[in-house]
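Morning, everyone. I have one model to walk through today. Let me put it up.

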Amino acid sequence: MTTIPSHSEDRQIAPISCSTHEDKIKRKIFILGCLTTVLINVDYGIIPASTTEMKEDLNLSQIDLGLLGSLAYAGLILGSLSGPMVFHRFSAKKIVLLAGLVKVLSLIIFPLSKNLGLLCFSRTTTGFSQVFFCIYFPVWADLYGKESKTKWLTYLQLAVPMGVFMGYGITALYVKFASWPLAFFTQIGFLVICISFFFCIDG
């Protein structure tokens, strides 16, 4: 004998379906956040892996290389100091999109310029813009991860050295078969794709 579900049963079933749909969306956003975290750290592997070639192509001294290596972390410090105020005043989506745009532009400048001032500006803004991803993604995972938040936070932490590792790997290949700037352009291309997906997310 077939029974027809009552209206009360429908009301009980609907929230479960909605919750499942929301969980799928959250997982997709988390995966996108992990991929973005990997990509924003790739340049930290590119530069050390191509030091010799970069020194010759950009006419840099050993002191210049040390300065460029340190300025990204100076940018991280400056961004960390301003991060709380920025997130307090503006929406998270706008901050992530703007930080992504600044990150991309700073990465474009580096392989295209031989001016030390522009190179220093590039590395400083690279570190500065990266802070907002470092702040937002772990906070988002903690808020929406529910029972998976510990695992999500672990994966986000893992994404940082994974990005550096990938930077070393792809640069080694490009240096051998092509040129080191292609490593930057590869990073830029994939990062633009990730930022474009964030633009399509509501809220």
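From the N terminus on, the elements read α-α-α-α-α-α-α-α. That is 8 helices and 0 strands in the protein chain. Keep in mind that this is a predicted model.

Now some totals. The protein chain has 203 residues, and 37% of them count as buried. Its accessible surface comes to about 11900 Å². Carbon and sulfur atoms hold 69% of that surface. On to contacts. Take those in the protein chain with a separation of 6 or more: 81% of them join residues 24 or more positions apart.

Next, the aromatics. How many aromatic pairs does the structure hold? The count is 14. Let me take one of them, Phe-87 with Phe-132. The ring centres are 6.1 Å apart. The planes meet at 50°. Stacked needs under 30 degrees and edge-to-face needs over 60, so this pair is tilted.

Phe-87 is at 21%. The cut-off for buried is under 20%, so Phe-87 counts as partly exposed.

Both residues also belong to a cluster. Ring pairs link Phe-87, Phe-128, Phe-132, Phe-133, Tyr-136, Phe-137 and Phe-198 there.

Look at Arg-123. Which ring faces does Arg-123 lie over? One is the face of Tyr-44, with Arg-123 at 5.4 Å from the ring centre. Another is the face of Phe-110, and here the distance to the ring centre is 5.9 Å.

Last stop, Ser-50. Find the loop between α2, residues 43-49, and α3, residues 51-57. Ser-50 lies in that loop. Is Ser-50 buried or exposed? Its relative accessible area is 0%, so Ser-50 is buried. And what is Ser-50 in contact with, once we leave aside its neighbours within four places in sequence? The contacts are Thr-171, Val-175 and Trp-180.

To recap, three places to look at on the screen. Arg-123 over the faces of Tyr-44 and Phe-110. And Ser-50, buried, in its loop between α2 and α3. That's it from me.

How values were computed:
Residues numbered from 1 in each chain as written. Predicted model: local features only at pLDDT ≥ 70, side-chain atom pairs only at ≥ 80, totals over all residues. Heavy atoms only, no water. Helix = DSSP H or I, 4+ residues; strand = E, 2+ residues; numbered from the N terminus. Buried < 20%, exposed > 50% of the residue type's maximum accessible area, 1.4 Å probe, protein only. Contact = heavy atoms within 4.5 Å. Phe/Tyr/Trp six-rings, centres within 6.5 Å; stacked < 30°, edge-to-face > 60°. Lys NZ or Arg CZ within 6 Å of the ring centre and 35° of its normal. Areas by Shrake-Rupley, 256 points an atom, 1.4 Å probe, with all protein chains shown as cover.
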